[in-house]
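Please find my notes on this model below.

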Amino acid sequence: MLTFIKILIASIFVGILAVFWNRSSFDPESLRGARVLVTGASSGIGEQMAYHYARFGAKIVITARRKKILEKVIEKCLSLGAQEALYVSADMSNETDPENVVDFALEKLGGLDYLVLNHVGKSSFAMWNGDVDHIRWLMKPNFFSYVQMAWRALPSLEQSKGSMIVVSSMAGKMSNPFAAPYTATKCALNGFFGSLNHELAMKKSNVSISICTLGLIDTESALNAVRGIITTPAYPATEAALNIIITGATRQQELYYPWFTYVMNLTKDWFPSLTNHIIRNALNYNP
Ligand SMILES: NC(=O)c1ccc[n+]([C@@H]2O[C@H](COP(=O)([O-])OP(=O)(O)OC[C@H]3O[C@@H](n4cnc5c(N)ncnc54)[C@H](OP(=O)(O)O)[C@@H]3O)[C@@H](O)[C@H]2O)c1
């Protein structure tokens with residue numbers, strides 16, 4: 001037990017150091033005039049990212065399905081200082097929309113410096129009920145559209161020495177109950193973009209990929225989904241959004257937010273039984 005506590009303290013220390021190290025090298029001016037495409041920006045973390053990029057004076061294209069809400073986000077982005085702000089409505093479970101969105105951004109902004117992949121299809125937080133069709137569908141918005149958009153944007157990102165930012169989750173690192181379909185899609189993302197990262201590095205590509213691992217964030221959809229089941233605190237979407245942007249701007253390969261998700265990711269392999277015990281008992285479940 002004493003060894004466990006020592007390792008835990010050392011891991012926490014490393015995690016805190018990593019967070020501060022990343023922050024210190026960030027130059028907000030690097031985002032002035034940057035050409036950014038943010039997906040899933042009508043609510044939650046994506047909406048907050050749009051506002052941060054706007055405050056930094058970026059040129060942004062945002063996308064999601066709900067036009068009316070996107071229009072309001074665009075208005076606010078312009079009032080916050082975005083050099084340009086445009087929206088395109090799209091459904092990421094549709095076959096052709098992901099590529100059309102990238103084409104729209106490339107045409108309107110004249111290229112891309114940041115591709116921020118953040119949208120997420122709806123999936124209930126509940127025990128898996130055998131619905132294979134739902135998983136087949138969820139893979140479209142949560143995984144295939146990310147892959148399509150990455151490939152479409154890559155030539156422009158190569159030219160601009162740009163970055164892809166992939167918003168993932170602790171679910172992509174360790175399995176949790178009540179989220180089997182979602183977990184499958186996030187593991188697919190981590191696997192794919194991890195491989196692509198290696199391949200780009202081996203090809204000496206200019207493009208960086210940042211994979212962002214998030215814990216529970218206080219977005220409306222997440223809080224509604226876990227209400228009554230998870231009682232641990234949720235972390236602020238605006239802070240999560242800023243950390244994601246800084247990670248991309250500093251070309252870091254990984255973000256863990258909040259910081260203790262880094263520790264959980266380390267310790268899950270060292271103490272699997274203890275980790276499983278904690279996960280299963282952290283949730284309210286009354287069969
Ligand atoms: N919140 C958390 O606790 C948490 C934890 C870990 C990771 N994350 C990750 O963080 C990211 C953002 O999460 P969030 O909580 O901010 O989500 P959110 O508030 O539910 O926002 C999801 C966004 O995706 C869009 N979207 C949903 N289905 C779509 C579709 N078929 N086509 C196009 N756009 C679609 C939504 O807009 P429309 O409805 O207008 O289309 C919305 O803008 C996700 O990748 C999520 O997995 C979140």
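In which hand does helix 2 pass helix 8? The crossing of helix 2 past helix 8 is right-handed. A crossing is left-handed if the near helix is turned anticlockwise from the far one by less than a right angle, and right-handed if clockwise.

1. Ground rules. This is a predicted model: local features need pLDDT of at least 70, side-chain atom pairs count only at pLDDT 80 or more, and totals for chains, interfaces and linings use all residues. Residue numbers start from 1 along each chain as its sequence is written.

2. Overall build. The chain holds 10 helices and seven strands. Helices (H or I, at least four residues) and strands (E, at least two) are DSSP runs, numbered from the N terminus. The radius of gyration is 19 Å, close to the 19 Å that the globule rule gives for 287 residues, so the chain is as compact as a globular protein of that length. That radius is taken over C-alpha atoms, and the globule rule is 2.2 Å times the number of residues to the power 0.38. Along the principal axes, the C-alpha atoms fill a box of roughly 55 × 40 × 40 Å.

3. Helix 2 against helix 8. Helix 8 covers residues 237-249, and its axis comes within 8 Å of that of helix 2, crossing at roughly 60°. That makes helix 2 oblique to helix 8. Axes are lines fitted to C-alpha atoms, for helices over the stretch in contact, and angles run from 0 to 180 degrees between N-to-C directions. Angles under 35 degrees count as roughly parallel, over 145 as roughly antiparallel, 65 to 115 as roughly perpendicular and the rest as oblique. Helix 2 contributes Gly 44, Ile 45, Gln 48, Met 49, His 52 and Tyr 53 to the contact, while the helix 8 side includes Ala 237, Thr 238 and Leu 242. Contact here needs C-beta atoms, placed from the backbone, within 7 Å. By class, this contact has nine nonpolar, four polar and no charged residues. Ala, Val, Leu, Ile, Met, Phe, Trp, Tyr, Cys and Pro count as nonpolar, Asp, Glu, Lys and Arg as charged, and the others, Gly among them, as polar.

4. Helix 2 against helix 3. Helix 3 spans residues 67-80; the axes of helix 2 and helix 3 come within 8 Å and cross at roughly 25°. The two are therefore roughly parallel to each other. Helix 2 passes helix 3 in a right-handed crossing. Glu 47, Ala 50, Tyr 51, Ala 54 and Arg 55 of helix 2 meet Val 73, Lys 76, Cys 77 and Leu 80 of helix 3. The class count is six nonpolar, no polar and three charged residues.

5. Ligand shell. Which residues come nearest to the ligand? Of the 28 residues around the ligand, they are Gly 40, Gly 44, Arg 65, Ser 221 and Ala 222. A residue counts as near if its C-beta atom, placed from the backbone, lies within 6 Å. Helix 2 (44-55), strand 5 (163-169) and helix 7 (220-226) each give two or more residues to this shell. The largest share, three residues, comes from helix 2. By class, the shell has 13 nonpolar, 12 polar and three charged residues.

6. Backbone points to inspect. A cis peptide bond joins Tyr 257 and Pro 258, with omega about -10°. Pro 258 sits in the loop between strand 7 (254-257) and helix 9 (260-270). Phe 178 has phi near 70°, a positive value in a residue other than glycine. Phe 178 lies in the loop between strand 5 and helix 6 (180-202).

Methods: Two residues are in contact if their C-beta atoms, placed from the backbone, lie within 7 Å.
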